[in-house]
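Student: Before we go through this protein, please show me the sequence and the model.

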Amino acid sequence: MAEISSLGYLCIASRELASWEQFAVDILGLMVGDRGDDGCLALRMDDLEQRILIQPGGDEDLVAAGWQFETADALARFADGLNTRGVYLQRGDEALCASRRVEQLLHCTDPDGIRHEFSFGPAYSPTPFRSRLLRGGFVTGDLGVGHYVSAAGDYKKTIEFHRDTMGLRVSDHIRAPLMTPHGEIPFDATFFHTATGRHHSFATAAIPFPKRIHHIMVEVSNFNDVGLAYDRCLAAGVPIMMGLGHHPNDGMFSFYAISPSGFAIEFGHGGAVVDDATWSVRSYSQLSDWGHAAPTS
C-alpha cells in the first residue's frame, strides 16, 4: 500500500470566523488566502493557497484532516490497500475538491468522528507568502502543515485505525502522570509520522477533553518567533493553556494558546524529523522536561 506523504491541511468548523482571522493573522502570523463565495476563511502558511480552512459551523472543532500524496497513482494504490482491509473511501465531488484546493480527494471517517481526506495536487497561490509578523517562516513544505493531537474516545481503536488501517508509523510514546486543575491523572499518548518524517503529524492521547482534538501545532523556523508570539498572546489577552517549555520526545520548544474554538494551538520551533533507518521507538516518562506549566492566575 502506498504511504501518505504528509498532513497537507486541516479543516475546522467554527462560528467564530472573525475571531479566528484576527487570532491567526495578528497573533500567529498566518496570511489570509483568497476569499471564496462559500463563507470559509482560508489561511496560508506558505505558497499553497491554504493550509488551514475555517468553515462556518457549530462544531468548534477539527472536522477534517487532509493527508497528501505526491501522485494520483499513489493515492489510487493507497485506496486499493484500504479496500483490501474493508475500508471503502468515498470520492469527493467537485465542490469539495474546490473547497480544499486539491485536484482529487477521497475520504472516510475515523473512530473519533474526524473525517480523513486523502488527496493530491494542492493548488499554489500566484502570490508569495509573506507574514506581517514572523522573522522567519513556517516549517511546512514536504513536512506538511504541522500536527494535531486527538483526545481519543477509544484509545485502542484510534491507534489501530491510524497504524494498521492508514499505515502511519509510530514515532514513540509518552506515558506519564499529568497534572490538571483537578489533580494528577494518568497520561498515555502515541505519536505517528508519515513518509516525510515530521516527528508526528498526528498523535492521540487517552485523556479527557471536551473536543475531538486537544491541539494543533504550527512550527516556525526562527526560535525568536516563539517568544514574540508568546508576548503577543499576553499583550492581547489570549488565554494560555501551557507556557513556554520543551518536549523530550520531539525536541519542540513551544507554548500552547487557546484558540477561538476552545482547543489549543501549539506554537513551536525545533521539532525532530524522523529517519526510519536510524530511528528507535521509545517510551518517555515526561510530557515536558522543562516548562509548559499551566498559568497560575
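Tutor: Two strands pair if DSSP finds at least two bridges between them. Helices (H or I, at least four residues) and strands (E, at least two) are DSSP runs, numbered from the N terminus. This is a predicted model, in which local features need pLDDT of at least 70 and side-chain atom pairs count only at pLDDT 80 or more, while totals for chains, interfaces and linings use all residues. Residues are numbered from 1 along each chain as its sequence is written, and side-chain values use heavy atoms, with hydrogens and water left out.

Student: How many helices and strands does the protein chain have, and why is it called as compact as a globular protein of that length?
Tutor: The secondary structure comes to 5 helices and 18 strands. The radius of gyration is taken over C-alpha atoms, and the globule rule is 2.2 Å times the number of residues to the power 0.38. For 297 residues the rule gives 19 Å, and the chain is close to that, so it is as compact as a globular protein of that length, with a radius of gyration of 18 Å.

Student: What percentage of the residues in the protein chain is buried?
Tutor: Buried means under 20% relative accessible area, exposed over 50%, and partly exposed in between (1.4 Å probe, protein chains only). Of the 297 residues in the protein chain, the buried ones make up 55%.

Student: Among contacts between residues at least 6 apart in sequence, what share joins residues at least 24 apart?
Tutor: Contact means heavy atoms within 4.5 Å. Among contacts in the protein chain that link residues at least 6 apart in sequence, the share joining residues at least 24 apart is 68%.

Student: Which residues of S4 are the bridge partners of Ser14 and Ala42?
Tutor: Strands of a sheet pair through backbone hydrogen bonds, either parallel or antiparallel. The partner of Ala42 in S4 is Leu53. For Ser14, the partner in S4 is Pro56.

Student: Is Leu105 buried or exposed?
Tutor: Leu105 is found in strand S7 (residues 104–109). Leaving aside neighbours within four places in sequence, its contacts include Tyr9, Leu96, Arg100 and Phe118. Its relative accessible area is 0%, so Leu105 is buried.

Student: Where is Arg100, and what is its relative accessibility?
Tutor: Arg100 has its place in helix H3 (residues 94–100). Not counting residues up to four places away in sequence, Arg100 touches several residues, among them Tyr9, Leu53, Leu105 and Glu117. Arg100 counts as buried because its relative accessibility is 4%.

Student: Why is strand S15 described as largely enclosed by the rest of the structure?
Tutor: S15 (residues 253–258) pairs in the antiparallel sense with S14 (residues 240–246) over 4 bridges, and with S16 (residues 264–269), also antiparallel, over 6 bridges. Ala257 in S15 stands opposite Ile240, and Ser254 stands opposite Gly268 in S16. S15 is largely enclosed because the number of its 6 residues that are buried is 5.

Student: Which glycines take a positive phi in the hairpins on either side of S15?
Tutor: The hairpin of S14 and S15 has 6 residues between the strands, and Gly251 has a phi near 70° there. In the hairpin of S15 and S16, with 5 residues between the strands, phi is near 100° at Gly262. The names are Gly251 and Gly262.

Student: What are the phi values of Glu60 and His292?
Tutor: Most residues other than glycine have a negative phi, and most peptide bonds are trans. Glu60 is found in the loop between S4 and S5 (61–69), and His292 lies in the segment after S18 (290–291). Glu60 counts as buried at 11% relative accessibility, and His292 is buried at 6%. Both phi values are positive: near 50° for Glu60 and near 60° for His292.
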